[in-house]
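Work through the exercises below with the model open. Try each task before you read its solution.

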Amino acid sequence: MAPYKLSCEDWKDAAMKLRDRHRSIMVYGLLTKLLRGKWEGFEIWADSWPEFKSLVVKPSGEKQMDPYTGKFYFVDSEDVASMTSLLDDPRIITWNDDINLCVSDTVWPLVEQRARERGNIRWVADAPIYTVSRDTLVDIKPPDGFQEVPMSADAISHVSENWTFKVSGIDQFTQLLVEREYPTVCFRDPTGALAAYAATQFHNLLGMLHVLPAFRGKKLGSAAMSVLARKTLAEDAVVGVLVSDNNAVSIHMHTKLGFKAVPGSKVNWSLYTCSG
């Protein structure tokens, strides 16, 4: 069967099928945001329909929210055979562009092979998904004297300067998260100085956590992720975060907050550049 492009009417059915499949929480999260009108600029392809084994979520081409997310491709599958038709269809992955790939671990070897046949992989990292529910989240408040305030211009600039992913468009992307009322957390000390921040990203995973060096060791990271998770759980029964297996501090922090690793959920991130 040829790959199938989901209509907007199909999105609800796809979301229902993915809702309890927590290894797919990133694709599910983006799909729910598209359905709610919180984000735009993506289309969804399946290997078949109405039953499917593989999905690719790709930039639409008709409208891109910002330069950063306009390069994202999400590849979600546990079945190599069904993924092959999606990867080889020229309508789906634009291999002659520089793109960001977010790929399920099961099919990553196949995607990596296709990518290296056509261009270069500049950077690769992987991390499993950790999830938490309303009932299992541990609530942590910031230390006395620290106040939670809306994410402001100085925090947005700080994200652009300090986020791990040094790519263009981060400032515009972060501003859009604020404008579109995605959950964010920003802590300031009694003098008003920026101390810590975190934000729910466009695909609904928690992240962008940063505690400024002068304020580390005060549990502000735990408080920020706890508050952010609780805000995000106001709309969703379960939320997730990517935590690298090499980051023992982050694993310990999220585990204490009630997060648990989802078996078989490892996601591979890479920056692909066209060799031409």
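**Exercise 1.** Is the crossing in which α5 passes α6 left-handed or right-handed? Then classify the angle between the two helices.

*Solution.* Keep in mind that this is a predicted model.
Step 1. The crossing of α5 past α6 is right-handed.
Step 2. Find the contact residues. Helix α5 supplies I156, V159 and S160, while α6 supplies I170, D171, T174, Q175 and V178.
Step 3. Sort them by class. The contact has four nonpolar, three polar and one charged residues.
Step 4. Take the geometry. Helix α5 covers residues 153–162 and helix α6 covers residues 170–179. They pack at an angle of about 140°, and their axes are 9 Å apart.
Step 5. Angles over 145 degrees count as roughly antiparallel, and 65 to 115 as roughly perpendicular. The α5 and α6 pair is therefore oblique.

**Exercise 2.** In which sense do strands β10 and β11 pair, and over how many bridges?

*Solution.* Step 1. Strand β10 spans residues 194–200. Its pairing with β11 is antiparallel, over four bridges.
Step 2. Pick out one partner pair: T200 bridges to L206 in β11.
Step 3. Look at the hairpin. Five residues lie between the strands, and N204 has a positive phi near 80°.
Step 4. Check the cover of β11, residues 206–211. Five of its six residues are buried.

**Exercise 3.** Is K12 buried or exposed?

*Solution.* Step 1. Locate K12: helix α1, residues 8–18.
Step 2. The relative accessible area of K12 is 58%. The cut-off for exposed is over 50%, so K12 is exposed.
Step 3. Now go ten residues along the chain, from K12 to H22. Their C-alpha atoms are separated by 17 Å.

Notes. Residues are numbered from 1 along each chain as its sequence is written. This is a predicted model: local features need pLDDT of at least 70, side-chain atom pairs count only at pLDDT 80 or more; totals for chains, interfaces and linings use all residues. Side-chain values use heavy atoms; hydrogens and water are left out. Buried means under 20% relative accessible area, exposed over 50%, partly exposed in between (1.4 Å probe, protein chains only). Two strands pair if DSSP finds at least two bridges between them. Axes are lines fitted to C-alpha atoms, for helices over the stretch in contact, and angles run from 0 to 180 degrees between N-to-C directions. Angles under 35 degrees count as roughly parallel, over 145 as roughly antiparallel, 65 to 115 as roughly perpendicular and the rest as oblique. A crossing is left-handed if the near helix is turned anticlockwise from the far one by less than a right angle, and right-handed if clockwise. Contact means heavy atoms within 4.5 Å. Ala, Val, Leu, Ile, Met, Phe, Trp, Tyr, Cys and Pro count as nonpolar, Asp, Glu, Lys and Arg as charged, and the others, Gly among them, as polar.
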